[in-house]
Amino acid sequence: MSTPTVLLLPTRDLVLSQLTNVEQEWTAANLNADKKKLGQILADDWVAPDSTGKMQGKAEYIHNIERDTTVQRWELEGLHLTLRGDRATLAGKDSLLDR
């Protein structure tokens with residue numbers, strides 16, 4: 001007789017913790033222009049507007065990023081997690097604090 005397989009789904013708190021950690025790593029990689037880390041974090045189909053509003057993909061973003069030495073630290077605020085099926089979305093504010 002075989003033992004039934006039990007799938008344990010991650011808890012909401014675990015998903016929030018994991019995504020918050022990724023967000024912290026992403027912010028640090030952005031500030032330090034860590035192209036290798038950004039390459040690991042961003043999906044291949046990632047797109048976002050640049051400072052002029054022009055859409056750019058992952059490769060262009062990583063190619064153009066430069067280190068930001070004016071930021072001393074940052075805070076993630078008002079984080080809101082939405083879970084839908086196998087997708088999780090984290091929304092909130094990333095406040096950068098100058099030196």
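Leu 81 stands opposite Leu 90, a residue of strand β4. This is a predicted model, where local features need pLDDT of at least 70 and side-chain atom pairs count only at pLDDT 80 or more, while totals for chains, interfaces and linings use all residues. Residues are numbered from 1 along each chain as its sequence is written, and side-chain values use heavy atoms, leaving out hydrogens and water.

Strand β3 (residues 71-84) runs antiparallel to β4, and 11 bridges join them. Strands here are DSSP runs of E with at least two residues, and helices are runs of H or I with at least four, numbered from the N terminus; two strands pair if DSSP finds at least two bridges between them. β3 and β4 form a hairpin with two residues between them, and Gly 85 in the turn has a positive phi of about 60°.

Ser 95 is found in β4. Ser 95 is buried, with a relative accessible area of 13% (buried means under 20%, exposed over 50%, partly exposed in between, using a 1.4 Å probe and protein chains only).

Beyond its neighbours within four places in sequence, Ser 95 is in contact with Arg 73, Trp 74, Glu 75 and Glu 77 (contact means heavy atoms within 4.5 Å). With Glu 77, the link is a side-chain to side-chain polar contact at 3.0 Å.

Conventions:
Polar contact = N/O pair within 3.5 Å; in protein donor to acceptor, adjacent residues only side chain to side chain.
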